[in-house]
Amino acid sequence: MKNKKINKLVEELNEKDADTREKAALKLSRTRDKNKVNIALKNRLLIEDNFEVKRMIIYTLGKVGDKEIIPILGKYSKLNDNDIEMRLVAVEALGNFSSLEASEILINCLSKESNNNVIVI
């Protein structure tokens with residue numbers, strides 16, 4: 001993905017329209033410029049209040065994220081997030097990382113998980 005296109009998508013993460021933000025997050029999952037994308041997505045995740053956009057950001061971070069994002073993904077995979085869809089996408093995103101930290105978070109979360117839809121992943 002070209003730098004201009006990435007810059008445009010990063011700008012779209014801050015648009016007022018939630019659909020535009022969600023589509024931008026999805027398109028960013030196809031980029032190879034992980035540094036810029038990680039920073040933009042992490043910053044947006046901190047302030048995002050739309051469920052669908054937040055879920056897409058977590059999905060994208062699982063695709064392009066660096067290992068620094070694992071604790072943030074872990075936060076969304078825990079039982080304190082009552083929304084199963086958010087936990088599902090966070091668990092799936094964590095599964096994309098080959099690290100001891102991600103594995104420990106997944107084992108801990110799944111051992112306490114009561115919803116079979118999350119456990120099956």
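Glutamate 85 is found in helix 6. Helices here are DSSP runs of H or I with at least four residues, strands are E runs of at least two, and both are numbered from the N terminus. This is a predicted model, so local features need pLDDT of at least 70 and side-chain atom pairs count only at pLDDT 80 or more, while totals for chains, interfaces and linings use all residues. Residues are numbered from 1 along each chain as its sequence is written, and side-chain values use heavy atoms, with hydrogens and water left out.

**More on glutamate 85**
- At 36% relative accessibility, glutamate 85 counts as partly exposed (buried is under 20% relative accessible area, exposed is over 50%, and partly exposed is in between, with a 1.4 Å probe and protein chains only).
- Setting aside neighbours within four places in sequence, glutamate 85 is in contact with Phe51 and Arg55 (contact means heavy atoms within 4.5 Å).
- Glutamate 85 and phenylalanine 51 sit 34 residues apart in sequence and 9.6 Å apart in space, going C-alpha to C-alpha.

**The chain overall**
- The protein chain has eight helices and zero strands.
- Of its 121 residues, 43% count as buried.
- Take the contacts between residues at least 6 apart in sequence: 62% of them join residues at least 24 apart.

**The core**
- The largest nonpolar core has 32 residues, and Leu28, Leu41, Ile58 and Leu73 have the most contacts inside it (such a core is a set of buried Ala, Val, Leu, Ile, Met, Phe, Trp, Tyr and Cys residues joined through side-chain atoms within 4.5 Å).
- Elements giving two or more residues to this core include helix 4 (51-64), helix 5 (70-77) and helix 6 (84-94).
- Not counting residues up to four places away in sequence, isoleucine 58 touches Leu45, Leu73, Tyr76, Met86, Val89, Ala90 and Ala93.

**Helix 3 and its surroundings**
- Helix 1 (residues 3-12) and helix 3 (residues 34-47) pack at about 5°, with their axes 10 Å apart (axes are lines fitted to C-alpha atoms, for helices over the stretch in contact, and angles run from 0 to 180 degrees between N-to-C directions).
- Helix 1 and helix 3 are therefore roughly parallel (that label covers angles under 35 degrees).
- Asn3, Ile6, Asn7 and Val10 of helix 1 make this contact with Lys36, Val37 and Ala40 of helix 3.
- Asparagine 38 is also found in helix 3, and at 2% relative accessibility asparagine 38 counts as buried.
- Leaving out residues up to four places away in sequence, asparagine 38 touches Leu61, Val64, Gly65 and Asp66.

Methods:
Parallel < 35°, antiparallel > 145°, perpendicular 65-115°, else oblique.
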